[in-house]
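Open the model in your viewer and get ready to click along. We will visit a few stops, one selection at a time.

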Amino acid sequence: MAKKPKKAGSGDSTIVANKKARHDYHIDETFEAGVTLSGWEVKSLRQGKVQLVDSYVLLKDGEAWLIGASIVPLQTASTHVVADPLRDRKLLLHKRELAQLFSATQQKGHTCICTKMYWKKHLIKVQIALARGKKEFDKRATTKEREWNIEKQRVMHKGN
């Protein structure tokens, strides 16, 4: 019997998304980066035990580091491994991407944040973004627009 080929894009490969980042920041540009992980971290990610809410990307010494991402260790983790859930994880980017991120974060008001962690084939990737902080009135306007779009959809649905 021949195996059926897998459909491309079947299922959602997102492990975790940082929804708070879209609420607090204007996203200007996104990048895809690999992340260095240890074995127990990959096993925890398979079970979805990760949180990106307070994470950010720090650029120092020509390298990018993911700071503040919490990966909860499994109960069945090895006894000889000390699992630190908040350790700094190195991000794997090309030199030109690092240079672009570094120059953009030197500008006033720009920061680099992690917006999503996902599977790409057998690898774990993170989506990082150059972002500018939103003011309070921007957040209210975004909420108002989202509510108006929902109300508009309800009226259109009732009309048909």
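**Stop one: strand β7**

Select residues 89–92, strand β7: Arg89 and Leu91 make up its covered face, while Lys90 and Leu92 lie on the uncovered one. Strands here are DSSP runs of E with at least two residues, and helices are runs of H or I with at least four, numbered from the N terminus. Before you go on, note that this is a predicted model, where local features need pLDDT of at least 70, side-chain atom pairs count only at pLDDT 80 or more, and totals for chains, interfaces and linings use all residues. Residues are numbered from 1 along each chain as its sequence is written, and side-chain values use heavy atoms, leaving out hydrogens and water.

Strands pair if DSSP finds at least two bridges between them. β2 pairs with β7 in the antiparallel sense over 2 bridges, and Val35 stands opposite Leu91. β5 is also antiparallel to β7, over 3 bridges, with Trp65 opposite Lys90.

**Stop two: helix α3**

Next, select residues 95–106, helix α3. Which of its residues are buried (under 20% relative accessible area, with exposed over 50% and partly exposed in between; 1.4 Å probe, protein chains only)? They are Glu97, Leu98, Leu101 and Ala104. Looking down the axis of α3, you find these buried residues within an arc of 135° (taken from the directions from the axis to the C-beta atoms), so they line one face of the helix. On the other side, Lys95, Arg96 and Gln106 are exposed.

**Stop three: Ser70**

Finally, click Ser70 in strand β6. Ser70 is buried, with a relative accessible area of 18%.
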